[in-house]
Amino acid sequence: MSNRLAKETSPYLRQHAENPVDWYPWGEEAFRRARDEDKPIHLSLGYAACHWCHVMAHESFENPETARLMNERFINIKVDRQERPDLDDIYQQVVQMMGQGGGWPLTVFLTAEREPFFGGTYFPPDDGYGRPGFTQLLLGLSDAWQNNRAALQQNVKQFLQGYRKLDASMLEGDTPLEPDQPAAAARLFARNTDPVNGGLGNAPKFPNPACHDLVLRLYQRLHEPDLLHSVELTLDRMAASGLYDHLGGGFARYCVDERWAVPHFEKMLYDNGQLVKLYADAYRETGKPAWRRVFEETIDYILRDMTHPDGGFYASEDADSEGEEGKFYVWTLAQVQAALGEPDAALACRAYGVTANGNFEHGSTVLHRAVALDAVQELELKGLRGRLLLARAQRIRPGRDENILTSWNALMVQGLCAAYQATGTTTYLDAARRAADFILDRLSTPEGGLYRAWREGTAKVPGFLEDYAFLANALIDLYECDFDKRYVERATQLVEVILAKFWEDGLYFTPSDGEPLVHRPRAPHDSAWPSGTSACVLAFLRLFELTGRELYHERAEQVLAMYRAAAAQNPFGFAHLLAAQDWMQRGPISIVVAGERSAASTLVAKLQRRYLPARVLAFAEDVPIGAGRHPLAGQTSAYVCRNRTCEPPVTSAEELVERCLK
């Protein structure tokens, strides 16, 4: 018999609709029952592609005895953290305040007033992994609720105080003496890049695109070889590794080892959107063909497997299929031979590192580029790759989370815009337009705001700061690709909503008219994607250049000043904010085109092929900075402006590039 979650649109919640647990979605009905029956709340947060969420569900939530205990002693609430990142941020901090690393599934116990008193992540059914068994945890907390509630209330008090202390700590610290914080951070990231494998950190190893984006930006400004080397090493190693899907394109979430050999096979839209942009930007800076292949294959994957028929992008694909992690992706020697025959299998196995022993479970291999091939062999491998992809398509695919999320779609639109500008491939621009229009048509409120998520015709959850900020930047990117005025107008409207609903002596993650929670988070740190705060600052700065509205620049300066000390202490957590600071420090270039709108894109096309991370493009009639800019002798012309001062107009694409690069 299905529980309440069967009525939800979230794929993650529906995964639990047949559990014997009496699950509630987050809402007043659950809290009312908790008050009426004087029971604590067990809150479980996760997402559809989360491997350990599936494990805990199978071990505990599908177990009738465990479910009986949960139903008798707790009110149980399931939350999709992709729909409610505000709840995820608030309750992840509970686990962090307890001295643990965060993660999913997130398991938190609350009062009926939503106040936390205990938390953790994955709990095995019995004691193990250095963690108490879930059943023992339930019994212990239930006993404390009945017999020692004062101790739990003391926990609540400490957590509420902890929220205030964490917020205050972000604003504390001496103003750093370093005059160029973005450069100092980029050099730090370069020094700490794994000299053998690329990337930052040890196992488990994540892509960290915001950090590498900052290094690339600073290389473009400073031209220091060590900066470029760290980016090149990282992008090359990731593209050759098990992190990358060598048949279908696209990147997995992370690798379990420092060599990028074995991924955690789930694929997330936000990773792939950011990595498409990073590889496209790096390609624009270096012209390296291998990087173009990577971002083009990744876009192929997104358009083939992760796109709604009307243009929006789905959220993720699972790591598991047929109950096994990675089964869809890995190959045995026999499977390659059966798909290709000899001698084709010999070349494919040599190129992709497939051996009889394998590098994964049961003698299977995670494909990776094991050896360098010559040009003839590469061309032959391209055909073999297509045949292997067709063979793989006969397998049972991992589950797909078909939630369409505003902020993650915006990241993918930015990636597509960067790819279009790098290559001129109109397919990428068309896909970016369709996705943006999907969000604008189906996830906009009548008042001009945004919803967070859409699925099966239903838009839900008021948008958060990152939804507004990411989409504003994506729309500016899209405007700079094709000079469609409605995109910059909507971006400006979104920034005005941010100032009206999210600004109170700084930026909050939730709107002022949002659901009252135990804590209103600011969430200034980057996570797996940039923070809404840092993206907001960049949107403020970009729109200031286009509109001249001083308030945008003032608000950007205020946020940068608020977190300057925190960014100096933890540049890893503020890489994207430091990118915004770099934009402001270097003084962006504004290119204003006057004349025939149809000719404007042709005039700027060669400029778009170049990596200039601090520039804006505009058509003179669309924005205030275009006032007084006219075509030269009837020819479509471009004005290059710095610090509100414009040089004489140019009419050739070559001269425009020369002006901007000097």
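This is a predicted model: local features need pLDDT of at least 70, side-chain atom pairs count only at pLDDT 80 or more; totals for chains, interfaces and linings use all residues.

Start by selecting residues 451-455, which are strand β14, together with residues 458-462, which are strand β15. These two strands run antiparallel, and four bridges join them. Now click on Arg455: standing opposite, in β15, is Thr458.

What links the two strands? β14 and β15 form a hairpin with two residues between them. Pick out Glu456 in that turn, and you'll find a positive phi of about 50°.

You now have an open sheet of three strands, in the order β13-β14-β15, with antiparallel pairing. As a general point, strands of a sheet pair through backbone hydrogen bonds.

Time for some helices. Select residues 426-442 for α17 and residues 485-501 for α19. Their axes come within 12 Å and cross at roughly 45°. α17 and α19 are therefore oblique to each other, and their crossing is left-handed.

To see where they touch, show the side chains of Arg433, Ala436, Asp437 and Leu440 on α17, then Arg486, Tyr487 and Arg490 on α19. What classes of residue make up this contact? Colour by class and you'll get three nonpolar, no polar and four charged residues.

Note on methods. Residues are numbered from 1 along each chain as its sequence is written. Side-chain values use heavy atoms; hydrogens and water are left out. Axes are lines fitted to C-alpha atoms, for helices over the stretch in contact, and angles run from 0 to 180 degrees between N-to-C directions. Angles under 35 degrees count as roughly parallel, over 145 as roughly antiparallel, 65 to 115 as roughly perpendicular and the rest as oblique. A crossing is left-handed if the near helix is turned anticlockwise from the far one by less than a right angle, and right-handed if clockwise. Contact means heavy atoms within 4.5 Å. Ala, Val, Leu, Ile, Met, Phe, Trp, Tyr, Cys and Pro count as nonpolar, Asp, Glu, Lys and Arg as charged, and the others, Gly among them, as polar. Two strands pair if DSSP finds at least two bridges between them.
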